[in-house]
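Dear colleague,

Please find below the structure that I am handing over to you, followed by an account of what was found in it.

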Amino acid sequence: MLKKLIHFLFIFFVIYSLTIPGFAASLPEEDLNRQQAIDTYFKDKPENPIEGIWITDDNKYEIAIVKNDFSLCQGYDYIGLTVQTTDHAWATGKIKLQLKATAIPKLFTGLINKNPNSYLTLTDEQSFGTTFGMASNNMIEYTNEKKERKFLIRIYPVDEDAAKANRSGTGFFITNDLIVTNYHVVDKAKTIEIKHNNGQKSSATVITKDPINDLALLKVSKSDFSVNPLPIANIQNTKDGDTVYTVGFPLPGLLGTKAKLSEGIINSITGIQDDVRMFQISIPIQPGNSGGPLLNAKGQVVGVVTASVNPYKTLLFAGTFPQNVNFAMKINYAANLLNTLTEAVHLPSKKASSELTPAQIMVLAKEAVVQVEVK
């Protein structure tokens, strides 16, 4: 009897061990595409912030990030399945990413698999470990093996309502109570709050706007913090190749709420299709930089940081994502807004005849550049 019981338990254990993994979802076939992934993993299911179809910023991989209900990659909460790629070493349906949730919301640790079969036997040569931070509902930031900052951009589903609900940009004082920013930052705003670099806040209202040139002028109702308005440059002296700076609040939810300085050059004194209103600049622009000042080496404002090339439109038009193609509206278009006001406005005189160091630029800008938070 005892032998029969032991034999039964042994058979039960073997069957249990073999069948339990079978209850987990099976991996997809190698012909998995975007629509199949949507229908299989996302359609008619509650939305999860990280789940969806994402594309790498070099347009090399489309990846479906799904909850890990599979029998492989144990210990990882999500996996990224390749649904489209230009890398001939990869096939669709293979696992490209393995992600673990952390105690910090929207921050994950994980692996980028370099070998199509690396989820079976992981080695240093087959995978690369890094962290993945959700910079917004539609963008994930990570660092590759070359220590370069890279992005995954959401294709499906795009949470447009969340993007509009709370917006953040940059602005800068041109007088003690007037701030220049982008029109798209404050468009349809119910409330506008100005946050200085030291954390102090004040409310503001739009007093005039120029939607065509994506500019707006704000008036601060009451300011308890020290303001040193930025001087306006004569843009006729601005040339291709000039060193320029911007100070703003890029990706505040991920990078923090302190102002950040970025340096670059003027690639061209004209913008898209030779638009004379704009400068093309090499300074990296992230969400939150919009409306910030473009400063020359003397600390004078030559432009207003406005936009990057739309990656989706460029992808459709040229077949690739643009790399660091950004623009600033020339400051004279913002100065023209002052002519629409009933009262005359006196701008600060142009300061500094000599060039400043980046550290001096930052000190100057901190007393004038503010974060613009919109609801």
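Asp 31 is located in the loop that connects helix H1 (2-19) with helix H2 (34-42). The model is a predicted one. Exposed means over 50% relative accessible area, and Asp 31 therefore counts as exposed at 54%. Beyond the residues up to four places away in sequence, Asp 31 touches Gln 36 and Thr 92.

Thr 82 belongs to strand S3 (residues 78-85). Is Thr 82 buried or exposed? Its relative accessible area is 0%, so Thr 82 is buried. With neighbours within four places in sequence left aside, the contacts of Thr 82 include Leu 32, Tyr 61, Glu 62 and Trp 90. Thr 92, which touches Asp 31, is also in contact with Thr 82.

Gln 286 has a relative accessible area of 12%; the limit for buried is under 20%, so Gln 286 is buried. Residues up to four places away in sequence not counted, Gln 286 touches Arg 149, Phe 151, Pro 250 and Leu 251.

Turning to the chain as a whole, it contains 8 helices and 20 strands. It has 375 residues, of which 45% count as buried. The accessible surface of the chain is about 19,700 Å², and carbon and sulfur atoms contribute 54% of that surface. Among contacts with a separation of 6 or more, 60% are between residues 24 or more positions apart.

Among the strands, there is a closed barrel of 6, in the order S9-S10-S13-S12-S11-S20, with antiparallel pairing. On average, neighbouring strands of this sheet are turned by 40° against each other, direction ignored. One of the pairings is between strand S10 (residues 178-181) and strand S13 (residues 215-220), which run antiparallel and are joined by 4 bridges. Ile 179 has Leu 218 in S13 as its bridge partner.

Strand S20 (369-374) is also part of what covers the buried residues of helix H8. Which residues of H8 (residues 358-366) are buried? They are Ile 361, Met 362, Leu 364 and Ala 365. These residues lie on the same side of H8, because they cover an arc of only 165° around the axis. The exposed residues Ala 359 and Val 363 are carried by the face of H8 turned away from the buried side. Besides S20, the cover over the buried residues of H8 includes strand S14 (243-248), strand S15 (260-268) and strand S17 (293-295).

Finally, the nonpolar cores. In soluble globular proteins, nonpolar side chains tend to be buried together. Here the largest nonpolar core has 40 residues. Those with the most contacts inside this core are Phe 172, Ile 174, Leu 230, Ile 281, Leu 294 and Ile 331. Another core, of 17 residues, lies apart from the largest one and has Trp 54, Trp 90, Met 134 and Tyr 142 among its members. Trp 90 is also one of the residues in contact with Thr 82.

With kind regards

How values were computed
Residues numbered from 1 in each chain as written. Predicted model: local features only at pLDDT ≥ 70, side-chain atom pairs only at ≥ 80, totals over all residues. Heavy atoms only, no water. Buried < 20%, exposed > 50% of the residue type's maximum accessible area, 1.4 Å probe, protein only. Helix = DSSP H or I, 4+ residues; strand = E, 2+ residues; numbered from the N terminus. Arc of directions from axis to C-beta. Contact = heavy atoms within 4.5 Å. Core = buried A, V, L, I, M, F, W, Y, C linked by side-chain atoms within 4.5 Å. Pairing = 2+ DSSP bridges. Axes fitted to C-alpha atoms, helices over the stretch in contact; angles between N-to-C directions. Areas by Shrake-Rupley, 256 points an atom, 1.4 Å probe, with all protein chains shown as cover.
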